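Student: I am new to this structure and would like to learn how to read its features one at a time. Could you take me through them?

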Amino acid sequence: MACVLEAPLRMSVLSEVTASSRHYVDRLFDPDPQKVLQGVIDMKNAVIGNNKQKANLIVLGAVPRLLYLLQQETSSTELRTECAVVLGSLAMGTENNVKSLLDCHIIPALLQGLLSPDLKFIEACLRCLRTIFTSPVTPEELLYTGPDHQTILFNHGAVQNIAHLLVSTSYKVQMQALKCFSVLAFENPQVSMTLVNVLVDGELLPQIFVKMLQRDKPIEMQLTSAKCLTYMCRAGAIRTDDNCIVLKTLPCLVRMCSKERLLEERVEGAETLAYLIETDVELQRIASITDHLIAMLADYFKYPSSVSAITDIKRLDHDLKHAHELRQAAFKLYASLGANDEDIRKKIIETENMMDRIVNGLSESSIKVRLAAVRCLHSLSRSVQQLRTSFQDHAVWKPLMKVLQNAPDEILVVASSTLCNLLLEFSPSKEPILESGAVELLCSLTQSENLALRVNGIWALMNMAFQAEQKIKSDILRGLSTEQLFQLLSDSDVNVLMKTLGLLRNLLSTRPHIDHIMSSHGKQIMQAVTLILEGEHNIEVKEQTLCILANIADGTTAKELIMTNDDILQKIKYYMSHSNAKLQLAAMFCISNLVWNEEEGSQERQDKLRDMGIVDILHKLSQSSDPNLCDKAKTALQQYLA
Amino acid sequence: MIWIQVEHYKQKKSNIRNIPVSDSPGATRRGYMWQYILCKKAPHSPLPGFHHQASTIASTAMPPSHRSHVPFMVYDFCICCILSPLLCLVFCGEECCLGRLTGHGKTPKDAASVRATHPIPAACGIYYFEVKIVSKGRDGYMGIGLSAQGVNMNRLPGWDKHSYGYHGDDGHSFCSSGTGQPYGPTFTTGDVIGCCVNLINNTCFYTKNGHSLGIAFTDLPPNLYPTVGLQTPGEVVDANFGQHPFVFDIEDYMREWRTKIQAQIDRFPIGDREGEWQTMIQKMVSSYLVHHGYCATAEAFARSTDQTVLEELASIKNRQRIQKLVLAGRMGEAIETTQQLYPSLLERNPNLLFALKVRQFIEMVNGTDSEVRCLGGHSPKSQDSYPVSPRSFSSPSMSPSHGMNIHSLATSKGSSTHFSGYESSCSNGVISNKAHQSYCHSKHQSTSLNVPELNNINVSRSQQANSYSSNDVDMETEHYSNGVAETSSNGFLNEVDSSQLRRQLCGGSQAAIERMIHFGRELQAMSEQLRRECGKNTANKKMLKDAFSLLAYSDPWSSPVGNQLDPIQREPVCSVLNSAILETHNLPKQPPLALAMGQASQCLGLMARSGIGSCAFATVEDYLH
């Protein structure tokens, strides 16, 4: 038991530990549960009002043992209750006591205790929790983190119990209730769905929140109720076109971004608004025209202002503290605003010094700002026009490539996503990015543990290979190595698999490239293709694979790899009669390429395929009701006639 | 320039040719009608008339630009009123739209604007109107905004000096300039554009479909008119000056400003030294109590706030006694008591004496004056008691809003037992009385201060205070404190009853009538003597004439001059007498509290006249809880 081992070590440091303290702790380990109970009760009486005794007991390791007893199913309810009382008493002492309790993970143990059927025990746990949470050293998030705690609170009727506090006459009570709802509803559809239907004094909760949004209410209240409505909306409980979102919540959050608000409020307002409109283009459009929001956000970058530096040191300090927060909030909101609408993106980029700000943001020391700046860039990089113009003018790719070096995963994910867009074939940045060693970087991403990074890495490579010249293709193949390529083809994630197949397909385009690659990697590729066609994959994957085969069949020398592989030919034949038209069509492409007349050795290939019974299938397909299939079959048959 | 006023078009639809042409239409803040200045006089055509349309052209067809003077049709069965070769009004059911008629609409010269008949008054604080784009017409060159008087109406708003507009085709704002600034989105058919003028900070912002687009103009001059301009054929708009609900939540915006202004008032720096402000307030309260003769309350208040009462207690009680007599309609006794207590007062103020006597005459007619009562005339009980009126500052029988505080202060001083039962007796008394409401009709009559609303609860409470004080003060308890505090509701009912039974002159006694007539002759003589000594006095003359007029009617109470008999008319007399007595003691004629309130009201009025918009969100009433 770790706690016992730990105790003597600390004892040597602390000379003042009395024998009696030691005695109390020892009794907790007595095999007789009745004696343990008496020991806990004695301990309770000993620590009340005695800070020194409390400190001694903590040093001697009483806390882990008490927690152990409290959590043990075999402990009597009485014992568990007494343990909670003693812990509560310990928490009443100095801030260090509370810290020690927190270090021993007391919170989950007490929260678990709330599930007990015994009221006295629950009360003791609650008292203890209350003492701990009223201490300034306790981070509030401990209570409200994650869906687990939301669910525990929800299951214990938190919603109904807190709801009536919203109409309290005390502002403080109202605010606490409101804050509580905002944490309960966050990303929690279950809670949010319940909240929309809760009635308080004959009014639905959303209506009460809307009232709290009114402009004559204190800013804190407006902001927090806007958060509640935002979270309920994002959790799917309120429609995005509901008037309470469109005409109330959104305008309120935009107001929170205005210059008149405190810096903290502006940060929170912008972040919440960014979250609200993130996935809804209509809300993005409305926000973009409301109160000149896009221009208003430009002001977020002007801290600390030159004025504040001159006027007073205190203000400068305050501004400096918030400057990072403001910048990252603005970037986040820009990212949300520009997520879908081309006109909005244009407006954002036309904002004064916007691209410079993003470029600067990419190299800021604060990870938060860097991440938000990359997000913003990512959002804007969805614009074809901007990729060709401002992205090029500001050589955005340079700092982006820099961000990609040694960045934490969360930044890498967004940055590599952005890179995918910058590598699209029409992007003028493609060339310089390649020259700066992107292939190597992306190849290394494909080996990441992080799934999103693997997807983005291979995706970017796929874009890179699209209609690329021979050298780039060779570079990619070399950089990736065949082992890695096959590793990716057997990736458990279908997205990775699809993009890898896409990469293969892009690599295997134009005849000389096909022949070149197949001459060096033919064997492995054919193996991989066989494997996938035999494996349990969805239609899209198989279709993509058949398309790769069709590309191989288009090669001059590569053709032979198929023609000499009876196994593959049988598979193609099988897919020609598959129930899925897409797969049939893809298989037909292969056949069509194989039987094409003008090419060398077409006669032999035609004969071989006829012998396999392909022609019969083609005749059947030429009667198909699917016009695509029908056409394709007829074209293939014509090759035989010529 | 011709003014066309179109009012009540709905009622007048069948007779629409008769719509008057006037040059002084009246409009208030929300009361804008569809009134337009005809901006372009038809060059070679007579004054356009009104065209009845029984049937329609295609439902949303635009008029072809070459067919001039063809009324524009939007709906079935509408009536079209051509304002000029360029503009018309279309009436459809309850709707009325403004439409652009013909012309090429290619150059700015083809533009035509209309503006509301009245400028936006600064006193409204925040002004808002919305325009719905019914149709964008050919090119949607529409401008919505503001302009000063005298601005050329052949142009879209915003292009000229003192003209401001937001244009639909490019979404730009035009601030007295031919070139616009990028401002907001474009707008087109189906959009509702709002224009909000903030007269507190002199800015303007627009809204589109309920969403605020941000500040468009700052430093706006005063006296701007809502203006709409149209340029290309087929453009149709419909304005909403508040007759329909707005799309934008303007109420919420106003709430914000109300809160801001009130916070500004609340935070206004007062009294730099500690306690100074409080002392001043206490002095004001104390002087108010003393002025109206609430001696017990005043004493209690002075005790608990460590103040000295400027006037002697006996003097306050004397004044109170006189006031109560006046308010009970017992003028003869009141005059007598005044003469006893303040021997030279009425001698020095013959006009006051005259006024008192005229009132005495009226009370005789009423049957309440002691001289006629003692003659055995039956007097309805109700008229003994002074009924509670809903309004207050000049009358001692009523307490203003701070009456509650006085109570709580007194209570905290230890006399709580005296007050313990008041809550219940209050509710039995005046508050629950329905007749009280009918009584409110007289409340707009004469007071030195125009404070229209007072809390009924406080009113009845002050009565309680009086009945409480009756322990210390020797007073006419039998018909004052009892009468009002406990039976006032009965009193009202009696009065209602007696009016139904038809009240009788001088209480119905013949002797009393003779006494009254005799008194009238004396009054006439006194009036003549006064004129000889002091010269003509029109006020006195009118007063006497009005009083005598009562005798011309068989039922004076329901006669045109009958309101003189209303007990509420005792208040001004009472107030004048009280002030006169106070003046002889070198005390102010009016309590400082009333003066301060008057000052504040005047100040707000001055702000409104000077175009300071914030006055819209502050009223004296807000601070009389």
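Student: How many salt bridges does the rule find across the interface of chain B and chain A?

Tutor: Keep in mind that this is a predicted model. A salt bridge is counted when a side-chain nitrogen of Lys or Arg lies within 4 Å of a carboxyl oxygen of Asp or Glu. Across the interface of chain B and chain A, that rule finds four salt bridges, and one of the pairs that form a salt bridge is Arg255(B) with Asp216(A), whose closest N and O atoms are 4.0 Å apart.

Student: Which elements give two or more residues to the side of chain B that touches chain A?

Tutor: Those elements are strand E15 (211–217) and H1 of chain B, and H1(B) gives the most to that side, with six residues.

Student: How should I read the contact as a whole, and how many residues does it take from chain B and from chain A?

Tutor: The contact takes 17 residues from chain B and 13 residues from chain A, and the two chains bury about 1300 Å² between them, with 49% of it on carbon and sulfur atoms. Between the chains there are also eight residue pairs in polar contact, counting pairs with both residues at pLDDT 80 or more.

Student: Where is Phe268(B) placed, and why does it count as exposed?

Tutor: Residues count as exposed when their relative accessible area is over 50%. Phe268(B), in the loop between helix H1 (250–266) and helix H2 (276–291) of chain B, counts as exposed because its relative accessibility is 57%. Together with Ile270(B), Trp277(B), Met280(B) and Ile281(B), Phe268(B) makes a nonpolar surface patch of about 490 Å².

Conventions
Residues are numbered from 1 along each chain as its sequence is written. Chains are lettered from A and ligands numbered from 1 in the order in which they are written. This is a predicted model: local features need pLDDT of at least 70, side-chain atom pairs count only at pLDDT 80 or more; totals for chains, interfaces and linings use all residues. Side-chain values use heavy atoms; hydrogens and water are left out. Patches are made of residues with over 30% relative accessible area and no salt bridge: like charges are joined within 9 Å, nonpolar side chains (Val, Leu, Ile, Met, Phe, Trp, Tyr) within 5 Å. Accessible areas come from the Shrake-Rupley method with a 1.4 Å probe; for residues, only the protein chains shown count as cover. Helices (H or I, at least four residues) and strands (E, at least two) are DSSP runs, numbered from the N terminus. Buried means under 20% relative accessible area, exposed over 50%, partly exposed in between (1.4 Å probe, protein chains only). Contact means heavy atoms within 4.5 Å. Buried area is the accessible area (1.4 Å probe) that two parts lose on being put together, summed over both. A polar contact is a pair of N or O atoms within 3.5 Å; within protein, one must be able to donate a hydrogen and the other to accept it, and residues adjacent in sequence count only if both atoms are side-chain atoms.
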